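I opened this model to look up its aromatic contacts. These are my notes, entry by entry.

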Amino acid sequence: MSVTLCRFTAVTRRCIYWRRLLCTDQASTNGQAETTHQHTGNTNDSKETDAEIIKKIVDSSLPFVNQYGWSSQAVAEGAKIAGFSSAAQGLLPRGGGDLVLHFIERCNGELVEYMKDGKKNEDGSEKKTSQFIQDAVQFRLRMIIPYINKWPQAMGLMLMPENAPDALCSGAVMVDDIWYYAGDRSADFNWYTKRAVLGKIYYATEVYMIRDKSEDYQKTWRFLNSRFHDIEKLRKISCKVKEGCDNANQLFSGLFTTVANITGINNKGPRVW
């Protein structure tokens with residue numbers, strides 16, 4: 001098994017486990033209100049957890065993204081609107097990178113809620129696995145439409161060394177959640193293959209989407225639909241280890257190169273987000 005695939009599988013399993021454990025611990029801590037912080041300048045003059053403050057800042061910052069991009073300036077404006085002093089920005093030390101990451105986490109949470117109730121068609125019949133997954137991917141991609149003009153910048157930020165590990169974990173958790181709610185309980189090598197293929201489909205469609213100018217992104221949804229023959233094939237896959245390694249290598253090198261070219265991260269010279 002190649003070094004790339006070994007690292008991918010280990011990191012994927014690890015980040016999914018720790019991310020879910022962290023979320024559980026955080027929910028428990030927030031529920032018991034064990035840790036609170038009082039920030040000078042909060043017009044509500046109340047004690048709130050870091051998670052609550054971050055949520056308010058992120059929610060208030062998003063309306064400024066189309067004006068200032070995914071940047072520290074957008075975060076600063078959001079903090080002001082939320083009623084916090086400039087000191088509260090320290091909860092998002094990576095500025096625009098943290099803003100993107102918290103937006104992604106919020107979207108992934110909304111996706112889970114959608115999938116819990118999205119297993120049936122309008123007529124009450126059960127959705128096929130491929131249709132359920134395709135609907136979930138489209139639902140998730142539609143969340144970036146309000147910020148589509150600035151999304152190439154967000155994708156570039158997620159490739160930066162300080163953001164890439166968290167971005168990888170968020171993506172791994174997202175595709176794992178989709179397969180989980182689609183009913184997948186595989187425990188063999190296909191576990192990795194299915195998630196790698198779905199990740200490839202999602203990010204390829206995301207790249208296609210930021211260039212799509214058709215009405216309601218109809219070309220993007222046709223592109224997505226055409227990719228889902230891969231999902232149908234997954235039921236019949238008997239994946240060889242060598243083939244899986246080759247696919248993983250091609251997946252990560254290809255996606256990184258494509259996104260880097262689109263976002264301009266490969267261009268020489270300073271980048272100002």
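I checked Trp191 for burial. Its relative accessibility is 6%, so Trp191 counts as buried, the cut-off being under 20%. I keep in mind that this is a predicted model. Tyr192 comes out at 18% relative accessibility, so Tyr192 is buried too by that cut-off.

Next I searched the whole structure for aromatic pairs and got 11. One of them is Phe103 with Trp151, in an edge-to-face arrangement. I noted 5.8 Å centre to centre and 70 degrees between the planes. Phe103 sits in helix α5 (residues 96-116) and Trp151 in helix α7 (residues 151-158). The two are 48 residues apart, and the pair links distant parts of the chain.

I then looked up burial for both partners. Phe103 has 1% relative accessibility and is buried. Trp151 has 3% and is buried as well.

Back to Trp191 and Tyr192: how are their rings arranged? The planes stand at 75 degrees with the centres 5.0 Å apart, so I logged the pair as edge-to-face.

Charges over rings came next. I found the charged end of Lys194 over the ring of Trp179, 5.3 Å from the ring centre. Arg227 lies over the face of Phe223, 4.6 Å from the ring centre.

Last entry: Gly171. I placed Gly171 in helix α8 (residues 164-181). Its relative accessible area is 10%, so Gly171 is buried.

Note on methods: Residues numbered from 1 in each chain as written. Predicted model: local features only at pLDDT ≥ 70, side-chain atom pairs only at ≥ 80, totals over all residues. Heavy atoms only, no water. Helix = DSSP H or I, 4+ residues; strand = E, 2+ residues; numbered from the N terminus. Buried < 20%, exposed > 50% of the residue type's maximum accessible area, 1.4 Å probe, protein only. Phe/Tyr/Trp six-rings, centres within 6.5 Å; stacked < 30°, edge-to-face > 60°. Lys NZ or Arg CZ within 6 Å of the ring centre and 35° of its normal.
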